[in-house]
Amino acid sequence: MNAESRCGKLISPSVPDIGDHCCYREEMGDAGRCAWHAESDNKPIGSLSAVIDADEKGFTPICDAYLRDQVEQRRLSIQGLEFIEPDFENVKLFDSIEETIFRQGRIEDIDLFNSDLENIVFDGINIDDSDFNRIDANTVEFVDCDIKNTSFRDTRFNQGKIENVDIFSSDLDDIVFDEFKIDNSSFNGIDAGAVEFVDCDINNTSFTEFSSNNLKVEGSSLSEVEFTEGNLQFQITRTELKDITIHSKCEVANLDNVSLSNCDITNTVLKEGKFSRCKIDNLDLTGTRVGIDFQSCELSHTIFRGANLNSEFNQTDVESAEFSGATVSKLEIFGPCNLSRLKFEGPDTKVDELGIHQVEDIVGLHLRDATLSKLVMDNVSCSALYIEDLEEQIDAPRYEFTESTISGGYFDNFIPASIELSEVQINSVHGDNLSIPENGAEKINDTSFNDCYFSNFTYQPSSLTGLNFNGTTLFHADFNGVSVEDKRALENNTLAYTNLSEADLSLARLTESNLFGSDLTEASLEAADLRGTSFEASTLIGVNFRDARINRRTSFDDQLYLQSMADVQITSTQSFVTYNDRGKKNQDGHVSRYRKLIVNYRRIRDSILNRRKKERSEQSAFLLSCIEIYRELQRLHSENGRPKRARHYRIRSREARRKFALAEGKTVKWVESEFINRVTDYGESWRRLAIVSGAIIFVSGLLYPLFGGIRFSSNTGRGSQLTSEMFPSYLPLDWIPIEFSVEGYPEWVVTLLESMYFSVVTFTTLGYGDVQPVGPAAKFLVGIESLAGVVLMAALVFVLTRKATR
C-alpha cells in the first residue's frame with residue numbers, strides 16, 4: 001500500500017495519554033482521508049465496514065472520528081475499538097457495540113434503538129438528542145458525561161456505573177438500572193415514567209425537577225441523594241437510605257424493609273402510601289404533608305415539626321418523635337409496639353385526633369401548650385404522660401381511655417370537654433388544674449387514680465361513680481355537692497383543702513384518709529367508715545356524723561379553727577378597750593377585784609356592740625357553729641365508745657357557749673358559765689370541786705374567829721379523851737403518848753381547830769348543834785358557806801355519779 005493512499009491526517013488529541021500522530025489508515029476513495037476522517041456525509045457502508053474491520057485487528061485508537069447523517073438501513077457492529085474525541089451526528093448504523101470506549105467527544109442524534117451494548121464506556125462524552133430505546137445493555141459506564149434530550153425507553157442497564165454525569169431534559173420510561181453504581185451525578189428536568197433501580201449503589205446524586213409516576217428502588221443503597229422540585233410516586237424495597245433529601249411532592253410513597261437514617265423530607269408532600277418493616281433514624285419531616293401509614297417500622301429521632309399528618313402507625317416502634325408545630329388531622333397508632341418520647345408541643349401544634357391502640361409500652365408522651373381536639377388510648381400502657389396547658393383551644397379536647405394504664409407524668413390545665421374512662425389505671429401522676437366535666441360520670445367505669453398528686457382538681461358530675469382514688473393526694477379539690485356512689489372511691493387518700501361541701505358521703509369508706517383543711521359544710525357522713533381519717537383544720541359546719549365509725553386514729557382538732565378565729569376577733573376587739581378607769585377604790589385605797597372584772601367586761605361589751613358590731617356578728621356566727629360541731633363530735637365519740645374525747649368536746653362546747661354569751665353581751669350567762677368552768681370544769685372534774693370545797697372550808701374556818709367567833713352549847717364539853725386504860729395491858733404502848741388533850745396548847749390553836757371543825761360541819765350541813773356562830777357577821781358567813789356546801793356537794797355527787805356511769 002502506497003503512502004499516497006493513506007489518510008495522512010495529523011492528530012493532536014487533547015487526551016493526555018495519547019500524543020500527536022498521523023493517521024495511516026487507508027484512504028476512502030477520492031476523499032483524501034480515511035473513512036473516519038473524511039468530512040463527508042453519508043459515507044459508504046463498505047468503506048466504514050472495511051475500516052472497522054481493520055481497526056478491530058489492532059490499529060491505534062480512532063481519534064477525531066467524523067460521522068454525519070449515516071442513516072443507511074444496514075447496521076454495523078463495533079467491537080474492541082476506542083474513539084477519542086469522536087464527532088457523531090445523526091448516526092443510525094450501529095447494530096451492536098461491544099468492548100468499546102468513547103472518550104472526550106460529542107455524540108448527537110445517535111440512534112441505538114434495539115441495539116446490543118456490552119462493556120461500553122462513555123468517558124467525557126456529550127450525548128444529545130440520542131435514542132437509547134429498547135436497549136439491553138451490559139456493563140455500560142457513563143463517566144463525566146452530559147446527557148441531554150436523550151430517550152431511554154424500555155431500556156435495561158446491567159452492571160455499570162454513572163459517575164459525574166449530568167442527565168437533563170431526557171426521557172426515561174421503563175428503564176431499569178440493575179447492579180449500577182451512580183455517584184456524584186444529577187438527573188435534572190426529567191419527566192420520567194417507570195424508573196427502576198435494582199441492587200444499585202447511589203451516592204451524592206441529585207434528582208432536581210425529576211418526576212416519575214413509578215419510581216422503584218429495590219435492594220439498593222442511597223446516600224446523600226436529593227429529590228427536589230419534582231413529583232414522585234415511588235416504591236422502595238430492601239434498601240438503605242442515608243442522608244437523603246426529598247423536597248419533591250410524593251403522590252404515592254411505599255417503602256418496604258427500608259433503612260432510613262439522617263433523611264430530610266421537609267416542606268413537601270407525602271400524600272399516601274405505606275412504610276413497612278422500615279428502620280428509620282433521624283428523619284426530618286418538617287413542614288411536610290404526611291399521609292403515610294407506617295407498618296411494623298422502627299422510628300427513632302423523627303421530626304414532624306410543622307408537618308400536616310394524616311397517618312397510621314401500625315406495629316411501629318417510635319422513639320423520640322417531635323410533632324411541634326404540626327397539624328395532625330388524624331394519627332392512629334396500633335400495637336403491639338413501643339413508643340417513647342413523643343412530643344406534641346407548642347402553640348402552633350394542632351392535633352385533631354390522636355389514637356393509640358394496643359400499645360404495650362409508651363415512655364414519655366408529651367402534649368404541651370398545643371391544640372388537642374381528641375385523644376383516644378385503648379388497651380395502652382403508658383409511662384410518663386404529660387398533658388399541659390391545653391386550655392387555650394376554642395373547643396376543649398375530648399379524651400377516651402379504655403383498658404389502659406398510665407404510670408407517671410404530669411397533667412396541667414387538663415380541662416376536657418368530655419372524657420371517657422373505662423378500666424383505666426392512672427398511677428403516680430402529678431397535676432395542677434384538672435377537671436372532670438359534668439357529663440363525665442356517665443362515661444367513667446372502673447377507673448383508679450393510684451398514688452397520684454393533683455392540685456386544683458374539680459369534679460363536676462353530681463355523682464362519683466366508677467372512679468376510685470387510692471393513695472392519692474388531692475390538694476384544693478372540689479367535690480361540691482357530689483354523691484359518692486362507689487363507697488371506696490376516696491379510701492386511703494389525702495384530700496387536703498378539698499371542697500366536699502354538701503357532698504353525700506353516706507356509707508363511704510374514708511379509712512386512713514387525710515382531709516386536712518377541707519370544707520365539709522353540710523356534708524353527710526352518715527354511717528361512713530372514718531377509721532384512721534384526719535379532719536384536722538377542716539370545716540365541719542352542719543356535717544352529719546350519725547352512725548359513723550371512728551377509732552383512736554381518727555383525729556379532729558382539739559380546738560376548732562373557727563373558735564380560734566373568734567378568739568382572734570375578741571383579741572382585736574380588746575385592743576380598743578382602754579383601762580383608765582380601774583374601778584372605784586375603797587377606803588383602804590385598793591380596787592375591788594369584782595369591781596375591776598365588771599368594769600373591764602362592760603368595756604369589752606361596749607366595744608363589741610358599738611365599735612365592732614359587724615365583727616361581733618361574725619364572731620357569734622363562728623361560735624354558734626363551733627357549738628354545733630362540738631356537740632356533734634361529742635355525740636360521735638360517745639357512740640363509738642370514746643368517753644374521754646367525748647368529755648373533751650363537751651368541755652369545748654361549753655367554752656364556746658361561754659364565749660358566745662360574752663360576744664352577745666349576756667352577762668349573767670357568762671358569769672354562770674365562768675363559775676361552772678372555774679369550779680367544776682363544766683362538770684367534768686371532781687378534783688377541782690374537791691379543791692374548791694376544801695378552799696371554802698379552810699377560808700371560812702379562818703374567817704369565823706374574825707367575824708365574831710363561835711361558841712359551844714352549855715351542855716357540851718370538850719369531849720372524851722383517849723387513855724391507855726382503853727387498850728389491853730399486854731400491848732406495849734408505854735412509849736406512845738396515846739392520851740390527847742388540848743390543855744397546854746396555845747389558845748389560838750385551839751380556837752383555829754374548833755373553827756375548822758365548825759366550818760366542816762357547816763359546809764356539809766351535818767348540823768350537830770354543839771357549836772353555834774356568835775354575832776350577825778358569823779351567822780351570815782354560816783349561811784353563805786352552807787349554801788355553797790349544798791351546791792358544791794350536790795355538784796360533786798353529780799360529777800362522781802356521771803363519771804361512774806360512763
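Tutor: Directly following helix 8, Thr 765 has a positive phi of about 55 degrees. Helices (H or I, at least four residues) and strands (E, at least two) are DSSP runs numbered from the N terminus. Residues are numbered from 1 along each chain as its sequence is written, and side-chain values use heavy atoms, with hydrogens and water left out. The model is predicted: local features need pLDDT of at least 70, side-chain atom pairs count only at pLDDT 80 or more, and totals for chains, interfaces and linings use all residues.

Student: How far apart are the end C-alpha atoms of helix 8?

Tutor: The expected span of a helix is 1.5 Å times one less than its number of residues. Helix 8 has 17 residues, so it should span 24 Å. The model agrees with this, as the end C-alpha atoms are apart by 24 Å.

Student: Is Tyr 757 buried, partly exposed or exposed?

Tutor: Tyr 757 is found in helix 8, residues 747–763. Buried means under 20% relative accessible area, exposed over 50%, and partly exposed in between (1.4 Å probe, protein chains only). With a relative accessible area of 31%, Tyr 757 is partly exposed.

Student: Which residues of helix 8 are buried?

Tutor: An α-helix has 3.6 residues a turn, so residues three or four places apart point the same way. The buried residues of helix 8 are Val 750, Glu 754, Ser 755, Met 756, Phe 758, Ser 759, Val 761, Thr 762 and Phe 763.

Student: What is the bridge partner of His 430 in strand 48?

Tutor: Two strands pair if DSSP finds at least two bridges between them. Strand 45 pairs in the parallel sense with strand 42 (residues 405–414) over four bridges, and with strand 48 (residues 453–459) over six bridges. In strand 48, the partner of His 430 is Tyr 453.

Student: How many residues apart in sequence are the parts that Arg 106 and Asp 87 tie together?

Tutor: A salt bridge is a side-chain nitrogen of Lys or Arg within 4 Å of a carboxyl oxygen of Asp or Glu. The structure holds 23 salt bridges, and the one between the side chains of Arg 106 and Asp 87 has an N to O distance of 2.7 Å. Arg 106 lies in strand 9 (residues 106–110) and Asp 87 in strand 7 (residues 87–91), so the parts tied together are apart in sequence by 19 residues.

Student: What is the relative accessibility of Glu 512?

Tutor: Glu 512 forms a salt bridge with Arg 553, the closest N and O atoms being 2.8 Å apart. Arg 553 counts as partly exposed at 44% relative accessibility. Glu 512 also counts as partly exposed, its relative accessibility being 39%.
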